Amino acid sequence: MRQFFILFQKETLESWRNFKWIWMPISFILLGIMDPLTQHFLPQILDSVGDLPEGAVIQLPTPSAAEVLTMSLSQFNMIGVLILVLATMAAIAGERKSGVAAMILVKPVSYFSFVTAKWLSTLLMMWISYFIGMLSAWYYVGLLFEFIPFADFIQSFFIYGCWLSLVITITIFYNTFLKTAGLVGFITLATIILLTTLTGIFSNWLPWSPAQIMSYAGGSLVSEGLPEHTIETIIFTIVTIFILLSLSVVIFRKKELED
């Protein structure tokens, strides 16, 4: 256990030195406040840039606070996922390619501690950045529209956080048997896009798909209570995360022993 915490501290310190603990929260804050500000000032923006006849008045329906916060979630679902993949795609692959991983594993360091320390360090950074971004979105939605009950915000926050945790785990999984960071990022994004596309096409047949989490998180804000299949989907996603993490350790150990 002591070995794991030493590696975990190393990964956290390295992320700090690479400024990930600075630029990732800032990125999520910008993503979080983008839609509340845009939706609030959209009529003025259109009026200032639109070539409209004199005296024309722009009247747009005002979205509800829950709808605006759901729009912020969609920003995390697109750009946020891309940021996480880019930040994680070299977590293990980069060290394997440079030989740093081999130098560390020469010492009495377990493969389990090596992989899980990187996974947990990245996961912690993601959850903190995501929370700061969502909290910023919730505050600006309340300031410019109306405040959503904090309990509803926390509920939606944790639901969607399961999907982002899966994204991190998939990226770590591909890190364990690929040495090119760019290839890890490409295959991870391709996997996420394929999963999302198949879930969208066969949504009635795949109600427990992790890619449904975005709609369930948004639905928990718009409607009262949790959408149907939310709990089952969360459980399935968590089980998938731990299966992928276990496979990551096994595959990484096999690859390193072969090398």
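Is Tyr-130 buried or exposed? In this predicted model, Tyr-130 has 0% relative accessibility, so it counts as buried. Buried means under 20% relative accessible area. Trp-127 stands at 21%, and therefore counts as partly exposed.

These two residues are worth looking at together. Both belong to helix H6, which runs over residues 111-144, and they sit three residues apart, about one turn of the helix. A pair of aromatic rings is described by the distance of the centres and the angle of the planes. The search of the whole structure turns up 26 aromatic pairs. One of them joins Trp-127 and Tyr-130, with 6.0 Å from centre to centre and 65° between the planes, an edge-to-face arrangement.

The largest pocket has a volume of about 220 Å³. Helix H1 (2-17), helix H3 (65-88), helix H4 (93-98) and H6 are the elements that give two or more residues to its lining. The lining has 15 residues in total, and Glu-11, Glu-14, Lys-20, Ala-90 and Ala-91 lie nearest the centre of the pocket. By type, the lining holds four nonpolar, six polar and five charged residues.

The second largest pocket holds about 160 Å³ of space. Here H3 and helix H8 (181-201) each supply at least two lining residues, and H8 gives the most, with five. Among the residues around this pocket are Met-78, Leu-82, Trp-163, Ile-192 and Thr-196. This lining divides into seven nonpolar and three polar residues, with no charged ones.

Conventions:
Residues are numbered from 1 along each chain as its sequence is written. This is a predicted model: local features need pLDDT of at least 70, side-chain atom pairs count only at pLDDT 80 or more; totals for chains, interfaces and linings use all residues. Side-chain values use heavy atoms; hydrogens and water are left out. Rings of Phe, Tyr and Trp (its six-membered ring) pair if their centres lie within 6.5 Å; planes under 30 degrees apart count as stacked, over 60 as edge-to-face and the rest as tilted. Helices (H or I, at least four residues) and strands (E, at least two) are DSSP runs, numbered from the N terminus. Buried means under 20% relative accessible area, exposed over 50%, partly exposed in between (1.4 Å probe, protein chains only). On a 1 Å grid over the protein atoms alone, a cavity is a set of points where a 1.4 Å probe fits but cannot get out, and a pocket is an open set with protein on both sides within 12 Å along at least five of seven lines; lining residues have an atom within 4 Å of a point. Grid points are joined across faces, edges and corners, and a volume is the space filled by probe spheres set on the points. Ala, Val, Leu, Ile, Met, Phe, Trp, Tyr, Cys and Pro count as nonpolar, Asp, Glu, Lys and Arg as charged, and the others, Gly among them, as polar.
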